[in-house]
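Colleague: I am new to this structure and would like to learn how to read the place where two chains meet. Could you take me through it with care?

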Amino acid sequence: MAQQREAAIVGIHEYPSRYAPDVSAIQIKATSIKAALDDAGLQWSDIDALYDAQDGEGGGGLGLSAYLGIKPTVIDTTQVGGSSYEFQAAHAMRDIAAGKANVAILSYGSKSATLRTPIGTGGATRSGSWSANMEAPYGSTLIANYAMVAHRHMHEYGTTSEQLAEISVATRYHAMRNPDAVQAMTDLQFVGVNEITVQDVMDSRVIADPLHLLECCMVSDGGGAIIIASKEVARNTKTKPVWLIGSGEATKYRENAGDITVSAGAQGAPIAFAEAGVNPDEIDSAMIYDSFSITVAVCLEDLGFCKKGEVGDYISGGRMKFDQHGGPALNTDGGGLSSNHPGMRGMFLLLESARQLRGESTSQVDGAKLAVAHGNGGLLGGDHTGGTIVLAAD
Amino acid sequence: MTKRPMPQFFEPDTQDFWDATKDEQLTYQQCNLCDEIVFTPRARCTSCGSDDLARKISKGEGTVYTYSVIRQNRNPAFADLGAYALAYIDLDEGFRMLSNVVGVENPLDDVRVGQRVRVIFEKQEEGEYLIPLFIPI
Ligand SMILES: [Zn+2]
């Protein structure tokens, strides 16, 4: 398939604060939408398509339209967990290519830090669903689902905690170059706001065996917004367009005799790369949902950066750092581990991919031309979604 | 005695499974049309869509597919349990179930992938249903 360039990210904003007790989530969304429109040089009244993950107080397809005072003619409320924004970007590409939309907004606002939401260790709270009834009696926590993937990966492929720690090390290396990430770690009272070593990760306490504290994402406030526009609109915006050239969507869930070390990305990512007409080894920047170290490890394999089972060797030796060769730069904003994770990190995967391809990252890959954003929503090891977006510089 | 949360039947799909626990039976479904093993319980076959599903009783023996020893859970029912092992168990009849491996001195040393286990049914401080857990064989 020939690569299509119908839709582009033309405006971005990442809400800078990760601890924002004095604003609401919907205020974070509206503030971010305005800032992203300003970035693009577009007006409030230009918005004709609304994509919303039903976050924020009174938000959703209807609530956010009313709050903003807009009357979009495309309304998409896809909510599939943290990867919702990759799914929404895929739908915006499709709707724009079909001529149904010209200026699409995606936004996110969350108060997870202020509200002290125990994302990782809170246990099952959904009650009365057929799946909750089979989980709640066992004290299953969110992180334990990921930890069980890690144990199986270790058992089958000999992957070690030291290897997985390389992901935390590279991500923190990038975070220390991002002033917003440094401020985030400071505001959220990280024990050490500094670069870390594999040994530091190994010495941090185990939360759910075999995952250590420094392999777990932070719980922050925050949000952001993205403007995706048609190529006609993109011609006249203030910023260099970042083209959306491929998308893939998939689900994965627990199955009898299923392979827990394979994520939804294995189904969706090849579709995205094929549509884009690029191979994983051409990718300069990989933004992969780092809820935990193991999420990145599994997804690197499933996206085709290395073979299943070989990620331990692949990520060793600092290969994922932005100034190293032999692989894409990983999570150059500092990731969910060390920069921003209010619960649905998919937004930031697209934001940092756009910054890389505009040449604006604080850990900028020289001459970056191609990026991939891969969100994993729900529970790796349990029921989850994978959304993949391939992006290209203008 | 432990205080694990009881299932809540705003939904009907797992009712039969939990009712059977009162007789210390671990049950699963199998499609009468295509033989697919279905678990967790639901209304239709995941392979062919049929609603002609037979309920079968498992021998309750299986293998630990993977596990994690949880050190921190803020849910009050588990906060005081100490470290405990959450695991996926592959039952010999061909279904995979989330549960806990118990009856070991130290879950960090005594639970492993590939371990053979069998079901036990644990009575709770409150509630009528017994909770299926697994112990090493
Ligand atoms: Zn069937």
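Colleague: How many residues of chain A are in contact with chain B?

Modeller: Taking contact as heavy atoms within 4.5 Å, 40 residues of chain A touch 45 residues of chain B. This is a predicted model, in which local features need pLDDT of at least 70 and side-chain atom pairs count only at pLDDT 80 or more, while totals for chains, interfaces and linings use all residues. Residues are numbered from 1 along each chain as its sequence is written, chains are lettered from A in the order in which they are written, and side-chain values use heavy atoms, with hydrogens and water left out.

Colleague: What is the area buried between chain A and chain B?

Modeller: The size of an interface is often given as the accessible area lost when the parts come together. Here the buried area (accessible area lost by two parts on being put together, 1.4 Å probe, summed over both) is about 3,400 Å², and carbon and sulfur atoms give 55% of that. A:W130, A:M134 and A:Y138 supply 24% of what chain A buries against chain B, more than any other three residues.

Colleague: How many disulfides are there over all chains?

Modeller: A disulfide is a covalent bond between the sulfur atoms of two cysteines. With the cut-off for a pair of cysteine sulfur atoms set at within 2.5 Å, the count over all chains is zero. A:C216, for instance, is in no disulfide, and the nearest cysteine sulfur, that of A:C217, is 7.0 Å away.

Colleague: Is A:C216 buried or exposed?

Modeller: With buried meaning under 20% relative accessible area, exposed over 50% and partly exposed in between (1.4 Å probe, protein chains only), A:C216 is buried at 13%, and B:C31 is also buried, at 1%.
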